[in-house]
Amino acid sequence: MMVAAAVPLPGTGSASLGYGHFGTRHYARFRVRLIIVEPDPTGVNAAAQSIRQQPTLQCTGHGSGNISHPKPDLHMDQLWAPWRLAYVANPKEQAKLEKADDCFICRSVAAANDRENLLLFRSDLSVVMLNRFPYNNGHLLVAPREHKGRPDELSPEQLLDLQLVLRKMLAAIEKCITPDGFNVGLNLGKVAGAGLPGHLHWHIVPRWNGDTNFMPVISDTKVIVQSLDALYDVLARELAAE
């Protein structure tokens, strides 16, 4: 069997990709041609005359495989725009979500029904919530009780309590759902991905070998294998037993 395709993009180059097998020996071969279009100094359809073709980039494999990839002559330009500093350095308008009245963590802390709000654990200075839109099964949020958005706004007592609670949650998750590892971290600021920039919170994301498989790669779909209610009950029992 052999499948091959060559679909050049107009004005950018061409590529071919083939895959096949012969008996029990599999092989793959692809060839990529890089073409750079120089700026057109005339502004009159002269791009075709200023195309500079780069060496072909080839990878061929037979058994152990051979690789050859001459480095193209590519470079990156820098654009200096110091007048933009005034905009970048100015204080930004506070987003609505940075106010305590609009914060789901603050609303959950003030409410009485922890299970309904997926608030799993309270210490004197911190709270732990299940993420309603988890990246992986067991995705938790660890936050200070007070509405504070930056680490330098925390008191030493709050910072210590948060780290102790993080450690406690990692141990409970390891015991209950046995992940192979964790991602633990902060998103500071909306530009860095914080969905709730006004209330600081650590993410604990359990990871398993193979959890990045064909489902998210091919179909943009994550498979969560346990309901939030079931996870809440399992972790709540473990924390109550300590």
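**Confidence, a helix crossing and a pocket**

Biologist: Over residues 1-38, how many contacts beyond four places in sequence does the model have?

Modeller: The model is predicted, and over residues 1-38 its pLDDT stays under 50. Residues 44-64 also have a pLDDT below 50, with 53 contacts beyond near neighbours in sequence. For residues 1-38, the number of contacts beyond four places in sequence is 76.

Biologist: What is the mean pLDDT of the protein?

Modeller: A pLDDT of 70 or more is reached by 57% of the residues. The mean for the protein is 74.

Biologist: At roughly what angle do the axes of helix H3 and helix H5 cross?

Modeller: Helix H3 spans residues 156-177 and helix H5 residues 228-241. Their crossing is right-handed. The two axes come within 10 Å, and the angle is roughly 115°.

Biologist: Which elements give two or more residues to the lining of the second largest pocket?

Modeller: This pocket holds about 340 Å³ of space. Of its 17 lining residues, the closest to the centre are Phe 104, Asn 131, Arg 132, Phe 133 and Leu 141. The lining comprises seven nonpolar, nine polar and one charged. The elements are helix H2 (104-110) and strand E8 (126-130).

Note on methods: Residues numbered from 1 in each chain as written. Predicted model: local features only at pLDDT ≥ 70, side-chain atom pairs only at ≥ 80, totals over all residues. Heavy atoms only, no water. Axes fitted to C-alpha atoms, helices over the stretch in contact; angles between N-to-C directions. Helix = DSSP H or I, 4+ residues; strand = E, 2+ residues; numbered from the N terminus. Left-handed = near helix turned anticlockwise from the far one by under 90°. pLDDT = per-residue confidence, 0-100. Contact = heavy atoms within 4.5 Å. 1 Å grid on protein atoms, 1.4 Å probe; cavity = no way out; pocket = protein on both sides within 12 Å on 5 of 7 lines; lining within 4 Å. Points joined across faces, edges and corners; volume = space filled by probe spheres on them. Nonpolar A, V, L, I, M, F, W, Y, C, P; charged D, E, K, R; others polar.
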